[in-house]
Amino acid sequence: AQQQAAVRTRLALGDRNARDMAAALEYAGVAAFFCDRYGAVRAMTGRAERLAAEARLVTVRRGRLGAARLADGLELDRAMARALAAVRPSAGVETVLIGPEGRRAVVHVRALAEDDWGLSFRPRLMVIVRQGPSKPSVEVLRLAFGLTQAEAEIALSLAAGQPRELIAAHRGVTLGTLRQQVKTILAKVGASREAELIVAVHGLG
């Protein structure tokens, strides 16, 4: 099945650079979707196909890429729109977080260069879904964001998808105390919400 998906990927992508990119991603086992400007999936790697078949994080319904949860689908749509609106394809990279606690995934949306024909059905977006990315060490977080030991440990726990209640119980603090600690962590990282913090942590992995 994975080999067949790889063949479909190569056939669906017209230009050589895109074919080479798809082949490399297929070999590396990356879950990558190639979409046109309307979000219609024109190709996908084998791992992406299996991920879509599970329908627990991302979905392909009526040929269009989406997410299992409504809120995640809206986030994904906005990320795709922002990537397409970038002046240069290389600048059109957006990152969002999707999935419930305990099964979160980081999604990178990248704009692809438009070919000379400007055909709407050609791949214009590459969407990569990363599950369980490698996590940075406490020391890396401390150095990168100026966190204390405790703050770095909390940030890692949040990035791993642990509920706040469990983190508070494990650390022997109240939920109120943990909320204050999370606010401090967000301020140091420069994030306005927990999803942005998690993306920042995974980005160091």
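## Sheet, cores and helix contacts

Arg-171 touches Ala-150, Glu-153 and Ile-154, leaving aside residues up to four places away in sequence. The model is predicted. Arg-171 is found in helix H7. Is Arg-171 buried, partly exposed or exposed? Its relative accessibility is 29%, so Arg-171 counts as partly exposed. Arg-171 and Ile-154 are 17 residues apart in sequence, and their C-alpha atoms are 9.0 Å apart in space.

**Helix H6**

Ile-154 is one of the buried residues of H6. Helix H6 covers residues 149–159 and is mostly covered, with eight of its eleven residues buried. Among the buried ones are Glu-151, Ala-152, Ala-155 and Leu-156. Ser-157, Leu-158 and Ala-159 are buried too. After H6 comes Gly-161, with a positive phi near 85°.

**Helices H7 and H8**

Two packed helices are described by the angle between their axes and the distance between the axes. Here the pair is H7 (residues 164–171) and H8 (residues 175–189). Their axes come within 9 Å and cross at roughly 105°. That angle makes H7 roughly perpendicular to H8. From H7, the contact uses Arg-164, Glu-165, Ile-167 and Ala-168. From H8, it uses Leu-175, Leu-178, Arg-179 and Val-182. By class, this contact has five nonpolar and three charged residues, and no polar ones.

**The sheet**

Strands of a sheet pair through backbone hydrogen bonds, either parallel or antiparallel. In this model, five strands form an open sheet in the order S2-S1-S7-S6-S5, with antiparallel pairing. Which strands lie at the edges? They are S2 and S5, each of which pairs on one side only. Neighbouring strands are turned by 20° against each other on average, direction ignored.

S7 has S1 and S6 as its neighbours in the strand order. The table lists its pairings.

| Strand pair | Sense | Bridges |
|---|---|---|
| S1 and S7 | antiparallel | five |
| S6 and S7 | antiparallel | seven |

Phe-33 stands opposite Val-127 in S7. Ala-111 stands opposite Leu-125 in S7. Val-127 is also the bridge partner of Val-109. S7 is mostly covered, with five of its seven residues buried.

H3 touches S1, S2 and S7, and its direction makes about 90° with that of S1. H4 touches S1, S5, S6 and S7, and its direction makes about 175° with that of S5.

**Nonpolar cores**

In soluble globular proteins, nonpolar side chains tend to be buried together. The largest nonpolar core in this model has 24 residues. Which of them touch the most other members? They are Phe-33, Cys-35, Leu-65, Val-107, Val-109, Val-127 and Val-129. Phe-33 and Val-127, already met as an opposite pair, are both in this group.

A second core is separate and has 23 residues. Its members include Val-106, Leu-141, Ile-185 and Ile-198.

Note on methods
Residues are numbered from 1 along each chain as its sequence is written. This is a predicted model: local features need pLDDT of at least 70, side-chain atom pairs count only at pLDDT 80 or more; totals for chains, interfaces and linings use all residues. Side-chain values use heavy atoms; hydrogens and water are left out. Axes are lines fitted to C-alpha atoms, for helices over the stretch in contact, and angles run from 0 to 180 degrees between N-to-C directions. Helices (H or I, at least four residues) and strands (E, at least two) are DSSP runs, numbered from the N terminus. Angles under 35 degrees count as roughly parallel, over 145 as roughly antiparallel, 65 to 115 as roughly perpendicular and the rest as oblique. Contact means heavy atoms within 4.5 Å. Ala, Val, Leu, Ile, Met, Phe, Trp, Tyr, Cys and Pro count as nonpolar, Asp, Glu, Lys and Arg as charged, and the others, Gly among them, as polar. A nonpolar core is a set of buried Ala, Val, Leu, Ile, Met, Phe, Trp, Tyr and Cys residues joined through side-chain atoms within 4.5 Å. Buried means under 20% relative accessible area, exposed over 50%, partly exposed in between (1.4 Å probe, protein chains only). Two strands pair if DSSP finds at least two bridges between them.
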